[in-house]
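Here are some notes to read alongside the model, written for someone meeting it for the first time.

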Amino acid sequence: FNQHVFLGEMKEYEEQGIDISAVTFSNNKGCLDMIEHKKKGIIPMLTEEAALPNGSNESLIVKMRKRFTDNEFYKHVKKNPNSFIIAHYAGNVKYEIQNFLQKDNDFLSTDVLETLYGSTNDLTVELATT
């Protein structure tokens, strides 16, 4: 998406005679694919691990290490086996695997649910109970 937008803008500037030789941008598609790919990305891996009866943060990071060993955007932190780094376009970002599955399974708080259940709007109540 970004590449498409940037290339379109650059073409338009060139047509207008604007010098854009100093404008650069990196293609972040590989990083985005690693995170979001429908079948092989981190997000689907997280969803799949959360659905397993014995899924755990530890088994998720082991699976990620195996899948992304040769991926230039993924780095394993050898000194901390519960951490990994993603090389985003803006730089390296370190993530801790602790509580990943719990965050993926976060539910609405009791107060929010009670408010939704007590709504006078039938659609709101129906959505809250499904």
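**Notes on the predicted model**

1. Let us start with the strands. Strands β1 and β2 are joined by a hairpin that runs through six residues. Please keep in mind throughout that this is a predicted model. β1, made of residues 74–76, pairs with β2 in the antiparallel sense, and the pairing has three bridges. Within it, Tyr-74 stands opposite Ile-86 of β2.

2. Now follow the chain onward. β2 (residues 83–88) also pairs with β3 (residues 91–96), again in the antiparallel sense, here over six bridges. These two strands form a hairpin as well, with two residues between them. His-88 has Gly-91 in β3 as its bridge partner, and Ile-86 stands opposite Val-93 in β3.

3. Is β2 enclosed or open to the outside? Of its six residues, five are buried, so the strand is largely enclosed by the rest of the structure. Phe-84 is a clear case: it is buried, with a relative accessible area of 1%.

4. In soluble globular proteins, nonpolar side chains tend to be buried together. Here the largest nonpolar core has 17 residues, and Met-34, Leu-60, Met-64 and Phe-84 have the most contacts inside it. At least two residues of this core come from each of α2 (29–36), α3, α4 (57–68), β2 and α5 (100–104). The element that gives the most is α4, with four residues.

5. Turn to α4 itself. Its buried residues are Asn-57, Leu-60, Ile-61, Met-64 and Phe-68. Looking down the helix axis, you will find them within an arc of 95 degrees, so they line one face of α4. The length of α4 can be checked too: at 1.5 Å a residue, its 12 residues should span 16 Å, and this agrees with its end C-alpha atoms, which are 16 Å apart.

6. The aromatic rings deserve a point of their own. Four aromatic pairs turn up when the whole structure is searched. In one of them, the rings of Phe-84 and Tyr-95 have their centres 5.3 Å apart and their planes at 20 degrees, so this pair is stacked. It links distant parts of the chain, with Phe-84 in strand β2 and Tyr-95 in strand β3, 11 residues apart. Tyr-95 is partly exposed, with a relative accessible area of 26%, whereas Phe-84 has 1% and is buried.

7. Phe-84 has another ring partner. Its ring centre and that of Phe-100 are 5.8 Å apart and the planes are at 75 degrees, so the pair is edge-to-face. Because Phe-84 lies in strand β2 and Phe-100 in helix α5, the pair ties together parts that are 16 residues apart in sequence. Both Phe-84 and Phe-100 are buried. Together with Phe-68, Tyr-74 and Tyr-95, they form one aromatic cluster.

8. Finally, two loop residues. Thr-24 is found between α1 (2–15) and α2, and it is exposed, with a relative accessible area of 69%. Its C-alpha atom is separated by 9.4 Å from that of Phe-6, 18 residues apart along the chain. Asn-99 sits in the loop between β3 and α5. Its phi is near 70 degrees, a positive value in a residue other than glycine. With a relative accessible area of 34%, Asn-99 is partly exposed.

Methods: Residues numbered from 1 in each chain as written. Predicted model: local features only at pLDDT ≥ 70, side-chain atom pairs only at ≥ 80, totals over all residues. Heavy atoms only, no water. Pairing = 2+ DSSP bridges. Core = buried A, V, L, I, M, F, W, Y, C linked by side-chain atoms within 4.5 Å. Buried < 20%, exposed > 50% of the residue type's maximum accessible area, 1.4 Å probe, protein only. Phe/Tyr/Trp six-rings, centres within 6.5 Å; stacked < 30°, edge-to-face > 60°. Expected span 1.5 Å × (residues − 1). Arc of directions from axis to C-beta.
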